[in-house]
Amino acid sequence: MSSDPWGRVDDAGTVYVRTADGEKVAGSWQAGSPDEALAYFKRKYDGLVVEIDLLERRVNTTDLSAKDATAAIEHVREQVDAHHAVGDLEALRTRLDKLTETVGKRQEERKARKAQQSQEARRAKEDLVAEAEQLAQSDQWRAAGERLRALVDSWKGLPRLDRKTDDELWHRFSHARSAFSKRRKAHFAQLDAQREEARRRKEKLVAEAEALSGSRDWGPTAAKYRELMQEWKAAGRAQREHEDDLWARFRGAQDVFFQARAEVFAERDSEQRENLARKEELAAEAEKLLPVTDLKAARSAFRALNERWDAIGHVPRDARPRVEGRMHAVERAIQEAEEAEWRRTNPEARARAEGLTGQLQDAVDKLKAQIEKARSAGNAAKAAKLERELEGRQALLDQALKGLQEFGG
């Protein structure tokens, strides 16, 4: 018979392990000497020690879930309780008990952290909702629209709450965004309506101007054209696609009349030459307004110059295209500056461009993440396919970003 402090082998080859409750049968051994039997069952004990060592490291150094940790502990405990090893089994049970306590504490700590994170997330979402509801009443269309888009990004970055709370907060948040969008849409619809009204008024002015173009009642008709011009200026701008055509017709009708009058008043060449000199001076003054650096000042100064211009009268026909062309070039430059300012400050068009850019950017980011995931998984074929799709989305994004630069950023 062979023995050591934790076990023995009897003459029949039965191996026993000593425990606090007395000897337990660990197994039997018929293949060799008793010392080899004890050595075999001690190695099994050493294996349990190594397994517990590894489990302790996993629990203490990784984010092993409580469920998985408990299952692993119970698996080892079953082996210890089976007594199929020779060694201090009670010491192993003590280590497993301590490890179970550690897992329990970790689980409670995680629950506490999760509860705290949930509370912080709820406060953060409530703050986002409150700000969104305040922005919903704003008339700062561009700034408020940009801020609401930023709030959406912030919302996406926060964890979900319980379904009822999350749905209620999201409903308020979404309602605030919808209310703002509805008000903004109504505002720009009103602007469109104003431009449509300007178009109708200018079409009537064009019809009147064209009806007067054949008149030979020089004085009253010229005065009427000046009245029509004042009404034209007061009508506001029509839609861009109509404004230039209406102006060409309006100006063309005046040209017909004033050219006819100029032919009749050919004897007034001296006066017209004097008019030409005065208009050339005004054209020179107008050209000094370029390039436009202060749109409001340039517009006001040009309006004053244009009123003086209209008051001067006609110039010799052969000089008229040249001098009026100089003035019209300044007017076009100011109009182009107005158009550029309108485009730059048009929040609805910018919102559409930024919305498209944001969608494309999200798609590109998502594809990049999917490509990285496919590569990590060793799926080269899927990664290659996603990369081809990414090239197309990236090209669209680059084009959208280029268009967005027209709005100043």
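1. The exposed residues Ser270, Arg273 and Glu281 sit on the face of H8 turned away from its buried side. Keep in mind that this is a predicted model.

2. Now the helix itself. H8 runs over residues 269–287, 19 residues in total. From first C-alpha to last, H8 reaches 26 Å. That is close to the 27 Å expected at 1.5 Å a residue.

3. Which residues of H8 are buried? They are Gln272, Asn275, Leu276, Lys279, Leu282, Ala283 and Ala286. Buried here means under 20% relative accessible area.

4. What covers that buried side? Helix H7 (240–264), helix H9 (295–312) and helix H10 (320–344) are included in what covers the buried residues of H8.

5. About 40 Å³ of space lies in the largest cavity.

6. What lines the largest cavity? The lining consists of Val59, Leu64, Ala66, Ala69, Val103, Arg106 and Arg110. Helix H2 (66–81) and helix H3 (89–135) are the elements that give two or more residues to this lining. H3 gives the largest share, three residues.

Conventions
Residues are numbered from 1 along each chain as its sequence is written. This is a predicted model: local features need pLDDT of at least 70, side-chain atom pairs count only at pLDDT 80 or more; totals for chains, interfaces and linings use all residues. Side-chain values use heavy atoms; hydrogens and water are left out. On a 1 Å grid over the protein atoms alone, a cavity is a set of points where a 1.4 Å probe fits but cannot get out, and a pocket is an open set with protein on both sides within 12 Å along at least five of seven lines; lining residues have an atom within 4 Å of a point. Grid points are joined across faces, edges and corners, and a volume is the space filled by probe spheres set on the points. Helices (H or I, at least four residues) and strands (E, at least two) are DSSP runs, numbered from the N terminus. The expected span of a helix is 1.5 Å times one less than its number of residues. Buried means under 20% relative accessible area, exposed over 50%, partly exposed in between (1.4 Å probe, protein chains only). Contact means heavy atoms within 4.5 Å.
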